[in-house]
Each structure stands twice: as structure tokens, then as C-alpha cells.
Amino acid sequence: MTDDPHASVDGREIKAQLFGRERAFANRPITEELAPLVKEISDDVLWAKVWAEPTLDVRTRSIVTITTLLALERYDYAELHLHGARRLGVTREELVQVAIQMLFYAGLPVIHTALRLISRVFDADPEDLPKFPSQK
């Protein structure tokens, strides 16, 4: 996919900031078995290029990602990224304010779910991350 042999490594380092090294470097059997190109694109483009681009820091990208996932009702991935945001130092209060602002753009049902997920993540053990949805 890329001529840079270190691109995937850089992407995984960013994932490690969010999800921990073990999880960032773990195999995702379903994706790797059925669609290895998806993993390659994810590692080489999404993580190594988009998340690593310096105009927005990783913390800001994390909040944007959570907002998008919640608005699209991708709750499994939103919960995973909420855990990542917590690891980055994003506070419960900041995420509640994000959810409140989303109310006017994404709707009340989405916000109720967002608040429930925020509570679940911040009430849980910080090391108790859910599985990637592709591992369930």
C-alpha cells in the first residue's frame, strides 16, 4: 500500500496511545482473514497518515471521532474510542459537554446513549477495554 515501511508502525504507535500497546498490535482475525486490505488501509492511511497529520493533535482527533461515531450510532466503536479518550486525558466533564452540544445536531436518543456510554467508561476500570467490534 505504501512505499514507507514504517507507516504501519507509526499508525500503531498512535493506536497504542489510545488503546494500549497490546491492543494496538493485536491481530484482528476477522478483518485479517476476510479482508486484509482493510487492515492495511486502516494502518497505513487512517492511523499512519490521518491520525498522525499534525494540524490536529491526537486528543482533538479522538473527540472528533467519538462525536462522529455517536452521531452515526456506531456505539461499539464509540465506546472503544471513549476508553481511548480517557487514556489520553479527556475528562468525563469534557465528553458530557460534547454530548450536550451534539443534542442539537444528532438528537436526544443519541445523546442519551452517549451519556450512558460516557458513564459506563468512566465508572469502569481504566484497563478494562472492550473488544474491538471485529473481535466480538
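Leaving aside its neighbours within four places in sequence, which residues is Arg-61 in contact with? In this predicted model, the residues that Arg-61 touches under that condition are Val-50, Trp-51, Glu-53 and Leu-56. Arg-61 itself is found in helix α5, and it counts as buried because its relative accessibility is 13%, where the cut-off for buried is under 20%.

## The chain as a whole

The chain has 136 residues, of which 40% count as buried. Its secondary structure comes to 8 helices and 0 strands, so that reading from the N terminus gives the order α-α-α-α-α-α-α-α. Among the contacts between residues at least 6 apart in sequence, 74% join residues that are at least 24 apart.

Asp-43 counts as buried because its relative accessibility is 2%, with the cut-off for buried set at under 20%. Lys-39, when its neighbours within four places in sequence are left aside, is in contact with Arg-28, Thr-31 and Glu-32.

The separations given for the residues discussed so far are collected here.

| Pair | What is compared | Distance |
|---|---|---|
| Lys-39 and Asp-43 | polar contact of side chains | 2.5 Å |

## Helices α7 and α8

Helix α7, made of residues 92-106, packs against helix α8, made of residues 108-123, at an angle of about 170 degrees, and their axes lie 8 Å apart. Because of that angle, α7 is roughly antiparallel to α8. On the α7 side the contact is made by Arg-92, Leu-95, Val-96, Ala-99, Met-102, Leu-103 and Ala-106, and on the α8 side by Leu-108, Val-110, Ile-111, Ala-114, Leu-115, Ile-118, Ser-119, Phe-122 and Asp-123. Sorted by class, this contact of α7 with α8 has 13 nonpolar, 1 polar and 2 charged residues.

## The nonpolar cores

The largest nonpolar core has 19 residues, and those that touch the most other members are Ile-66, Leu-70, Leu-82, Leu-95, Met-102 and Ile-118. Two or more residues of this core come from each of α5 (58-71), α6 (75-88), α7 and α8, and α8 gives the most, with 7 residues.

Which residues does Met-102 contact, leaving aside its neighbours within four places in sequence? They are Thr-67, Leu-70, Ala-71, Gly-107, Val-110 and Ile-111. Among these, Leu-70 is also one of the residues that touch the most other members of the largest core, while Val-110 and Ile-111 belong to the α8 side of the contact with α7.

Methods
Residues are numbered from 1 along each chain as its sequence is written. This is a predicted model: local features need pLDDT of at least 70, side-chain atom pairs count only at pLDDT 80 or more; totals for chains, interfaces and linings use all residues. Side-chain values use heavy atoms; hydrogens and water are left out. Axes are lines fitted to C-alpha atoms, for helices over the stretch in contact, and angles run from 0 to 180 degrees between N-to-C directions. Helices (H or I, at least four residues) and strands (E, at least two) are DSSP runs, numbered from the N terminus. Angles under 35 degrees count as roughly parallel, over 145 as roughly antiparallel, 65 to 115 as roughly perpendicular and the rest as oblique. Contact means heavy atoms within 4.5 Å. Ala, Val, Leu, Ile, Met, Phe, Trp, Tyr, Cys and Pro count as nonpolar, Asp, Glu, Lys and Arg as charged, and the others, Gly among them, as polar. A nonpolar core is a set of buried Ala, Val, Leu, Ile, Met, Phe, Trp, Tyr and Cys residues joined through side-chain atoms within 4.5 Å. Buried means under 20% relative accessible area, exposed over 50%, partly exposed in between (1.4 Å probe, protein chains only). A polar contact is a pair of N or O atoms within 3.5 Å; within protein, one must be able to donate a hydrogen and the other to accept it, and residues adjacent in sequence count only if both atoms are side-chain atoms.
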